Protein chains: 2
Amino acid sequence: MKPRHAPYTTHGTVLHRRQVEDARRAIHAPDVLQGLSQTFKMLGDETRLKICLVLARQELCVSDIAGLVGMSESAVSHQLRIMKAMRLVAYRREGKMTYYMLDDDHIEDLIRLGARHVAE
Amino acid sequence: MKPRHAPYTTHGTVLHRRQVEDARRAIHAPDVLQGLSQTFKMLGDETRLKICLVLARQELCVSDIAGLVGMSESAVSHQLRIMKAMRLVAYRREGKMTYYMLDDDHIEDLIRLGARHVAE
DNA sequence: GTAACATATGAACAGTTGTTCAATTGTTTG
DNA sequence: CAAACAATTGAACAACTGTTCATATGTTAC
């Protein structure tokens, strides 16, 4: 059985020149890479993921979000602050309450695609 | 200015009945939710994200992956173990080397969609 | 056999993360 | 005004994460 690759150097250096050169092109620019991982990390927490889901179609006040995601209002408020900083959610104050809403069209698509992946 | 919502109860209970009922339907089943956040969390780490990118088109040995993503071989090996456990990568041994490759079509789509999002 | 190498693995560690709790702010209502 | 309520904030804390370092495993070449 003949080898599919041709290794040509030693430790610390590139072992498979052609493959490595091709692969290098696949890596995005540092800032894109950072934004990407930040976005995914955002959705990597179940609480935030649920918040995104419930806020996708309508605005909701903090208490209702808390009830829906099964977390304390404080915990939700902390998460919303992060999501607000990332410009993922918009908010609107009305009297005692603050209504939050998802302010990013792409997120829903991302979750939908992810869900299709999970469903195998 | 008339209120857009009609609050009707107090603390701990639902404040906006209709919105909450609609929102509740948007939350996926617990196992789907968990799978989703796990997948996103996976991509939420820059090292793993880069590994996915470089392994999308061709297989590579651990040393070359390490060189490409700028991490020690040990660090990469640890991450590959996790990714292997998640059935995200497949591997093939050939002599001294182990060649890894992305074993999940959806991941690339997910990253591509994410990248489009980052680019605004 | 030994030496060199590629990879894997375990323990330890620092850094980060998400929640809780208590206190605070700001608003509405009586 | 005070009481009730919605939301926010900061400190503290436990849990988790990713890396490093040292060591181990397994393969190839001499």
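Student: What rotation superposes chain A on chain B, and with how much shift along its axis?
Tutor: The rotation is 180°, with 0.0 Å of shift and an RMSD of 0.0 Å.

Student: What does pLDDT say about chain A?
Tutor: pLDDT is the predictor's confidence in each residue, from 0 to 100. Chain A averages 90, and 90% of its residues score at least 70. Residues 1-11 of chain A stay under 50. The model has seven contacts beyond four places in sequence for that stretch. Where pLDDT is low, predicted coordinates should not be read in detail.

Student: How many residues of chain A are in contact with chain B?
Tutor: 48 residues of chain A are in contact with 48 of chain B. Contact means C-beta atoms, placed from the backbone, within 7 Å. α2(A) gives the largest share of chain A's side, ten residues. Helices (H or I, at least four residues) and strands (E, at least two) are DSSP runs, numbered from the N terminus.

Student: Why say that the copies meet through the same surface?
Tutor: 100% of the interface residues of chain A are also interface residues in chain B, so the surface is the same.

Student: What makes α3(A) largely enclosed?
Tutor: Buried means 20 or more other C-beta atoms within 10 Å of a residue's own; exposed means 12 or fewer, and partly exposed lies in between. Eight of the ten residues of α3(A) are buried, so the rest of the structure largely encloses this helix. Among them are R48(A), K50(A) and V54(A).

Student: Which residues have the most contacts inside the largest nonpolar core?
Tutor: They are V54(A), I65(A), V54(B) and I65(B), in a core of 58 residues. Such a core joins buried Ala, Val, Leu, Ile, Met, Phe, Trp, Tyr and Cys residues through C-beta atoms within 7 Å. Leaving aside neighbours within four places in sequence, I65(B) is in contact with I51(B), V54(B), L60(B), V76(B) and Y100(B).

Student: How do you know which strands of chain A pair?
Tutor: Two strands pair if DSSP finds at least two bridges between them. β1(A) and β3(A) have two bridges and run antiparallel. β2(A) and β3(A) have six, also in the antiparallel sense. Conclusion: an open sheet in the order β1-β3-β2. β1 and β2 of chain A each have a single partner strand, so one side of each lacks a neighbour in the sheet.

Student: Which residue of β3(A) is the bridge partner of L60(A)?
Tutor: Y100(A). Y91(A) also has Y100(A) as its bridge partner. C61(A) is bridged to Y99(A), while E94(A) stands opposite M97(A).

Student: Which residue takes a positive phi in the hairpin of β2(A) and β3(A)?
Tutor: G95(A), near 65°; the hairpin has two residues between its strands.

Note on methods:
Residues are numbered from 1 along each chain as its sequence is written. Chains are lettered from A and ligands numbered from 1 in the order in which they are written. This is a predicted model: local features need pLDDT of at least 70, side-chain atom pairs count only at pLDDT 80 or more; totals for chains, interfaces and linings use all residues. Two residues are in contact if their C-beta atoms, placed from the backbone, lie within 7 Å. Copies are superposed by least squares on the C-alpha atoms of residues with pLDDT of at least 70 in both.
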